[in-house]
Amino acid sequence: MTGKPVPPRSFQEIILRLMTYWGGKGCAVLQPYDMEVGAGTFHPATTLRSLGARPWAAAYVQPSRRPTDGRYGENPNRLQHYYQYQVLIKPSPPDLQQLYLGSLQAIGIDMELHDIRFVEDDWESPTLGAWGLGWEVWCDGMEVSQFTYFQQVGGHDCKPVSGELTYGLERLAMYVLGVDHVMDMPYNDPDSPTPLKYGDVFRQTEQEYSRWNFDQADTEMLLQHFKDAEAECERILSAPETDKAGRRIVMAHPAYDQCIKASHLFNLLDARGVISVTERQAYIGRVRALAKKCADAFVTTEAGAAA
Amino acid sequence: MPDLLIELFSEEIPARMQARAREDLKKLVTDGLVEAGLTYASAGAFSTPRRLVLSVEGLSAESPTLREERKGPKADAPAAAIEGFLRSTGLTRDQLETREDKKGAVLFAVVEKPGRRAPDIVAEVLERTIRAFPWPKSMRWGTGSLRWVRPLHSILCLLSDEAGSQVVPVTVDQVTAVNTTEGHRFMAPGRFAVTGFDDYRAKLQRAFVMLDAAEREQAIWHEATTQAFAQGLEVVPDAGLLAEVAGLVEWPVVLMGPIGEEFLGLPPEVLQTSMREHQKFFSVRNPATGRIEKFVTVANRETADHGATILKGNAKVLSARLSDARFFWENDRRTVQTVGLEGMAAGLAHVTFHNKLGSEADRIARIEALAREIAPLVGASPDLAAEAARVAKADLQSAMVGEFPELQGTMGSYYARAAGLPEPVALACKAHYQPLGPSDAVPTDPVSVAVALADKIDTLTGFWAIDEKPTGSKDPFALRRAALGVIRLVLATHRQLPLLSLFRLIFLWRQQLSVAGHADAYAVLVGVQVAIRRDGATVTTPSEAADLLTFFHDRLKVHLREQGIRHDVIDACLAMPGNDDLTLLVKRAEALSAFLKTDDGTNLLQGFKRANNILAQAEARDGVEYSFGADPKFAETDAERALFAALEQAEAAIAPAMQAEDFGAAMAAMAALRAPIDAFFDTVQVNADNPVLRRNRLNMLHSIRATCASVADLTRIEG
């Protein structure tokens with residue numbers, strides 16, 4: 001951590017630097033999961049791979065959707081679609097904090113001028129039946145990352161323990177680039193032939209999805225989709241372990257896709273305001289039950305086996 | 001005498017856990033050392049975000065040798081018995097001593113436990129302490145199985161004396177004790193060795209780590225108040241925040257910055273809560289206006305630009321937060337100005353209060369009816385109290401309270417004013433939650449008192465009705481606090497509120513409501529009252545009513561004990577009729593407590609007890625109750641005649657005093673009995689040979705008992 005870091009010039013440069021940094025530290029640089037999720041944690045590279053004894057190291061960007069956070073592109077800090085940068089390393093290395101601080105340095109945060117602190121923040125995902133202990137990391141009073149040591153996922157103890165880092169990319173980038181409104185943030189290099197701001201890429205979609213999420217999404221259909229996803233998840237998991245050719249193939253991932261679907265459908269229904277306070281807990285419990293069953297299935301597979 | 005230094009160096013320990021962890025470390029280690037036979041002169045524990053430290057001075061170098069003797073069988077006992085003794089002591093026959101005893105030769109085993117060296121004991125105690133440390137929440141990391149609050153990186157464990165210092169050999173999982181530590185994460189990275197506590201502390205200070213949390217607190221507060229004072233401002237005191245912030249930094253650097261002009265119009269509570277909860281900033285106010293104008297943040301490092309970058313970043317985050325708050329504030333006020341607070345509260349129909357107790361809207365309907373009912377008893381306008389109850393919880397639906405739940409009530413008051421509601425209603429929005437704890441103020445405005453009572457009594461009767469009472473240390477709905485709140489409210493008003501009949505009414509009413517619904521809760525309440533008045537005693541009293549009253553009595557005892565009133569004094573008053581009237585009960589208890597502290601009081605109590613004992617014995621023996629009334633014509637001595645006169649006078653004075661609830665006067669009248677009773681017992685033999693005299697004197701004792709019993713049940717007083 002010596003020498004003045006060179007400040008990045010765009011949102012994408014920050015992502016590229018994180019990719020280079022974590023790739024250089026031995027992480028497999030993965031691509032986003034091709035489904036709608038509420039957070040990078042839902043990517044099977046985190047949820048499922050944090051289970052079992054096999055070492056794992058992955059980093060990726062995950063587009064994340066939080067329908068209730070939509071503000072039609074008007075709020076400087078809130079979006080219904082945004083990006084998380086996610087790192088998961090199993091077992092958690094002893095120098096994970098130093099590695100993490102190195103990544104901040106890599107994206108242009110000068111450790112000599114800023115105040116970085118680790119403030120208690122325990123993580124719990126009721127929908128995933130998961131929890132861990134860690135911090136939110138503050139840079140000059142702003143939360144720039146979540147840092148968690150996973151203790152349990154899908155109801156299973158994590159052995160060994162994974163270290164998880166989650167960066168809220170827009171917020172972090174706005175801070176590093178000194179931008180006040182997310183839509184004003186340079187997406188690519190401002191000096192490129194076609195300079196694009198974040199708003200050029202996402203303002204219209206924020207408007208469209210905000211309207212759909214809040215007013216238009218067909219709740220009857222979403223409710224049916226929720227039930228379908230739930231049923232399909234259960235069906236996949238109750239299928240015999242051996243296929244027609246006699247091979248043992250447990251379908252943990254296809255089942256987990258349905259769990260992800262159910263979770264996102266629940267978020268959409270929530271945004272439409274059709275889930276009452278009492279029902280909320282019941283829906284969360286149903287998704288958690290699916291997540292647990294998927295975890296149960298995954299730990300019987302090669303990738304998820306215990307030591 | 002060596003000194004011991006232990007440092008457990010980890011990733012950042014949550015600030016809120018540090019104080020407790022210091023105490024636990026000190027207790028577990030020193031208790032362990034003492035249990036193993038070591039002594040020490042003094043011990044002190046310290047913490048920073050990354051370390052938990054214990055310094056023990058004057059530790060003994062080894063534990064003493066212990067000699068243990070065990071008596072065995074006789075020397076000529078059967079071989080099997082001697083075998084057994086050898087097995088149990090682990091000795092051989094020739095190691096046993098034979099001693100002469102009055103029964104003959106007896107075998108003794110003498111086992112010497114040699115003392116152990118301090119390093120061995122420290123190693124053992126430290127490992128045990130680490131493995132069993134009572135963190136509120138702990139975790140595993142990497143591949144290990146050890147649990148600690150966050151990953152434990154190094155253990156420093158040194159014993160040092162004049163000859164030098166040595167590392168205590170201890171390894172816990174993969175961490176082996178060393179004599180080195182680290183300084184500030186950013187300002188002085190790298191490890192260094194230390195030789196003992198003083199060296200450790202001094203080197204840490206040079207490495208930008210202030211070891212003592214109390215010193216950090218002092219430094220922060222001193223610097224913050226100095227900076228504020230220089231600009232004619234003052235820091236809003238906040239001991240909880242100060243302790244937390246001191247637990248977040250190793251090298252506190254205080255920075256003061258301005259709050260944007262556009263946010264200064266926000267209520268001070270909003271500014272303060274937003275800054276405190278989200279940013280851990282202190283509020284800095286202008287003492288002339290009370291307005292909060294600046295913030296103080298505490299960074300964990302010095303920088304070349306003297307904190308300019310850090311302050312700029314913090315100010316920017318604050319602006320984003322306060323923009324949100326201002327948005328909520330403006331939106332909420334627009335809402336109440338268009339649809340009123342009741343309009344804001346409409347959504348509460350869909351919010352469940354408790355799945356067995358219905359929605360928040362149902363609860364508000366009950367509180368409204370109760371507030372209307374209670375209002376006249378506390379001098380409030382029933383209509384205003386009902387209106388206040390209707391809107392007092394509306395702010396639960398506001399955007400601001402959604403974001404800052406701790407501002408419930410406070411925002412209600414602001415929004416009530418924005419909606420143009422009468423001031424007593426606005427006041428009640430906040431005050432009806434009070435008192436929030438034993439040290440919180442009790443509201444005084446009658447409307448606030450009525451709604452506060454209604455709210456708490458609704459909560460208590462509700463959870464009583466579904467049998468969710470506090471048990472042991474479990475009180476998830478804070479019912480003890482609610483009952484204490486009712487007690488303090490009633491006592492502060494000096495008004496009489498007969499609780500038993502109120503509870504009875506409410507429990508019967510709740511039964512009706514579960515059928516009739518909450519649409520016209522007050523009409524249902526009136527209906528129940530009419531039925532009670534009409535049917536009188538034939539209306540059953542739900543058993544919960546008496547049970548809840550007992551709960552109140554228990555809380556009252558705790559409350560009065562804290563005011564210095566003995567439990568037996570309270571019992572003596574609780575045994576009297578009208579004990580569901582807390583005001584009366586406490587007046588009686590206070591008067592009795594004061595009376596028993598006087599000379600007259602203690603002596604009268606002795607006289608009363610003597611009379612009562614003699615009378616009780618005689619009544620038990622004779623199988624009659626001597627309540628015929630004594631006749632003055634059988635009085636033989638002056639002492640008897642004087643007591644007759646005194647009793648008559650006392651009765652004449654006590655009855656009206658009791659009627660007027662003037663317990664002081666009643667006690668004073670009772671005090672006048674002291675001298676005649678003493679004189680009576682000094683000169684008169686109660687159990688006279690003459691049966692007529694005896695019966696008359698016993699009847700006289702009875703009137704002593706009856707006269708005193710009309711004031712309080714003195715049989716319950718101890719001593």
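Biologist: Which residues does His432(B) touch, not counting residues up to four places away in sequence?

Modeller: In this predicted model, the place of His432(B) is in the loop between helix 13 (423–431) and helix 14 (446–465) of chain B. Leaving aside residues up to four places away in sequence, the residues that His432(B) touches are Ala392(B), Lys393(B), Ser448(B), Val451(B), Ala452(B), Asp455(B) and Lys456(B).

Biologist: Is His432(B) buried or exposed, and which side chain does the side chain of His432(B) join in a polar contact?

Modeller: The relative accessible area of His432(B) is 1%, and because buried means under 20%, His432(B) counts as buried. Within the chain, a polar contact of 2.9 Å links the side chain of His432(B) to that of Lys393(B).

Biologist: How many salt bridges does the rule find across the interface of chain B and chain A?

Modeller: One pair is Arg150(B) with Asp122(A), whose closest N and O atoms are 3.3 Å apart, and this lies within the cut-off of 4 Å for a salt bridge. Across the interface of chain B and chain A, the rule gives a count of 6 salt bridges.

Biologist: Which helix of chain B gives the most to the side of chain B that touches chain A?

Modeller: On that side, at least two residues each come from helix 1 (15–35), helix 7 (268–279), strand 16 (292–299) and helix 8 (308–345) of chain B. The element that gives the most, with 8 residues, is helix 8 of chain B.

Biologist: What area do chain B and chain A bury between them?

Modeller: The contact takes 42 residues from chain B and 42 residues from chain A. Of the area buried between the two chains, 51% is on carbon and sulfur atoms, and the total is about 3400 Å².

How values were computed:
Residues numbered from 1 in each chain as written. Chains lettered and ligands numbered in written order. Predicted model: local features only at pLDDT ≥ 70, side-chain atom pairs only at ≥ 80, totals over all residues. Heavy atoms only, no water. Helix = DSSP H or I, 4+ residues; strand = E, 2+ residues; numbered from the N terminus. Buried < 20%, exposed > 50% of the residue type's maximum accessible area, 1.4 Å probe, protein only. Polar contact = N/O pair within 3.5 Å; in protein donor to acceptor, adjacent residues only side chain to side chain. Contact = heavy atoms within 4.5 Å. Buried area = accessible area lost by both parts, 1.4 Å probe. Salt bridge = Lys/Arg side-chain N within 4 Å of Asp/Glu carboxyl O.
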